[in-house]
Amino acid sequence: MNPQDRQRLAELAPFYVAGRLEAEERAEFERALAQDAELARNVEAARAEREEIIALNEALPLPSARAAQKLFEMIEAEPVSFWSRLDLGARLANVFSPRALGWVAAAACLLVAVEAGFLAKPAPAPGEYATASREEAGLDGRFALVAFAPEATMEKIAAFLAGQEAQIVGGPRAGFFQVRLGGKEMSEDEAAKKLEALRASGLVKFAQKKG
Amino acid sequence: MRKQTTESDDPQLLARIARGDRLAMQALFARHRLRVFRFILRFLRDEGRAEDALAETFVDVWRQAGAFEGRSSVITWILSIARFKALSIARMRKDAPLDEDYAAGLADEADDPEVLMAKGDKAAVLRACIQKLSAEHREIVDLVYYHEQSVEEAAAIIGIPPATVKTRLFYARQKLSEICRRAGVDRGWP
């Protein structure tokens, strides 16, 4: 073995001990290890180092619950960036059927239009689409959190929501849309009936009152 | 720290986090908070500040989850964010420069190797000698032995070429042997 190879293998000893060599490199290292006493001493030293490094780290304190509390408070305080959470790529394919994905894309186009400057327009008439931006603009009323069924099509969802005078006002976030069932003048009973109708439509796999 | 087989679904958790899934965020945080916290604590030497840095690291994970490209493992990516956060916080502190003083501060906290040698506890001597390594050397040994990062992963976290990772670790180990010899322990290598 030439001096360059000897040095190269000596530098790999810690990675061998930590189990972080690729198979080919590991095989080469083990072949050399069987014939080289210096490399064997190197490996023994590395094993001892590793044991004590692990012991030192394991002796360090644990983070308190404050860290988790602070993290999730910070996340809650994050501005709701719908766009940062809207992913029309492959990840949504796990949640929606190809047809529903087309519908999501259409909804996204509407959102682009709204974000582009239509926020100042009057609220839509019953049955029209509204978007997440409207909720963020302070829309109030009765809301539901909804996950549509994979087989639900854009046409069916649009027709059903129009018939119920409901609108999608947010999402998808984690696969869920926010649906406005009615204005704040709507009673809880009326909202519950609409929610039940939504569940019975076969278009949703989950629907729950929000807020 | 042994790699957990459950880490294989880290990319899926990140994909869910990118969609705003807080449960996935809780799962990822629960899985990695300990090792990330300990990594940060080595830089900051202050549990409160380390907890702040830990929270800020995972807020960045929340914000940037959609940008993760899978070029490295998720923990490597998180550790690189954590390192940046810890360095940023440490640089803001005039009383904790990231140089030899830092290592000296740590060493002061440890028992003296010579005293331990007199007690005949070789493992404790080695631990005390490790505590005397410089911050740069201690970082690389922690990353490889405790966090089990490969050459390329450690290079990505520290932001140095892979060849430098190997030589830096080699010299860290040589330095450790020197410190041990001064304490009366011959490690038999180099």
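How many helices and strands does chain A have? Chain A has 9 helices and 4 strands. Both are DSSP runs, numbered from the N terminus: helices are H or I with at least four residues, strands are E with at least two. Along the sequence, the pattern reads α-α-α-α-α-α-α-β-α-β-β-α-β.

This is a predicted model: local features need pLDDT of at least 70, side-chain atom pairs count only at pLDDT 80 or more, and totals for chains, interfaces and linings use all residues. Residues are numbered from 1 along each chain as its sequence is written, while chains are lettered from A and ligands numbered from 1 in the order in which they are written.

**Where the chains meet**

The contact takes 39 residues from chain A and 44 residues from chain B. Two residues are in contact if their C-beta atoms, placed from the backbone, lie within 7 Å. On the side of chain A that touches chain B, helix 3 gives the most, with 13 residues. That side splits by class as follows.

| Class on the chain A side | Residues |
|---|---|
| Nonpolar (Ala, Val, Leu, Ile, Met, Phe, Trp, Tyr, Cys, Pro) | 20 residues |
| Polar (the others, Gly among them) | 6 residues |

**Inside**

Of the 211 residues of chain A, 29% count as buried. Buried means that 20 or more other C-beta atoms lie within 10 Å of a residue's own; 12 or fewer means exposed, and in between is partly exposed.

A nonpolar core is a set of buried Ala, Val, Leu, Ile, Met, Phe, Trp, Tyr and Cys residues joined through C-beta atoms within 7 Å. The largest one has 74 residues. Leu54(B) is among the members that touch the most others. Its contacts include Pro63(A), Ala67(A) and Ile40(B), not counting residues up to four places away in sequence.
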